[in-house]
Amino acid sequence: MQSIGLIGTGYWGSNYVRIFNEIDECELKWCADLDKRRAEQAVKGYPHIKTTTNTQQLLRDPDLDGVCISTPPETHHQLSTSFLENGVDVLIEKPLATTTESAWDIVSTADAEGQ
């Protein structure tokens, strides 16, 4: 079973909560959002999911296999490279990045980390 974290629980993020909970091979372990109430609302009905406003908690979880990043595009580069550099696979909601340079840096980081 893959242990997953979700960053961003807005419109698309709340859909990912439902989707990940429908996949038998996944355990949605974390939901992170700067708005604590929005994160808590997104996981309502899923008491096993932890919520946080601090993505560093996800980075410190040694059992986390992957994260889904569903935040504003300008945050994608920093978030994705942080997780990739720590050996965590990432799924990034489109667009990948706000600039071509940022997109290539994400790809290069994933390649360098063997992901």
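Predicted model: local features only at pLDDT ≥ 70, side-chain atom pairs only at ≥ 80, totals over all residues.
Strand E2 (26-32) pairs with two strands, E1 and E3. With strand E1 (residues 2-7), the pairing is parallel and extends over six bridges; within this pair, isoleucine 7 lies opposite alanine 32 of E2. The chain passes from E1 to E2 by way of helix H1 (residues 11-22), forming a β-α-β crossover of right-handed sense. Strand E3 (residues 50-52) is likewise parallel to E2, the two being joined over three bridges, and cysteine 31 is placed opposite threonine 51 of E3. A right-handed β-α-β unit is also formed by E2, helix H2 (residues 36-42) and E3. Of the seven residues of E2, six are buried, so the strand is largely enclosed by the rest of the structure.

In soluble globular proteins, nonpolar side chains tend to be buried together. The largest nonpolar core of the model comprises 17 residues, of which Ile7, Leu58, Leu64, Val67, Ile69, Phe83 and Ile106 touch the most other members. Two or more residues are contributed to this core by each of strand E2 (26-32), helix H3 (56-59), strand E4 (66-69), helix H4 (76-85) and helix H5 (100-112). When residues up to four places away in sequence are not counted, isoleucine 106 is in contact with His76, His77, Ser80, Thr81, Leu84, Ile92, Leu96 and Ala97.

Key: Residues numbered from 1 in each chain as written. Heavy atoms only, no water. Core = buried A, V, L, I, M, F, W, Y, C linked by side-chain atoms within 4.5 Å. Buried < 20%, exposed > 50% of the residue type's maximum accessible area, 1.4 Å probe, protein only. Helix = DSSP H or I, 4+ residues; strand = E, 2+ residues; numbered from the N terminus. Contact = heavy atoms within 4.5 Å. Pairing = 2+ DSSP bridges. Right-handed = clockwise from strand over helix to strand, strands pointing away.
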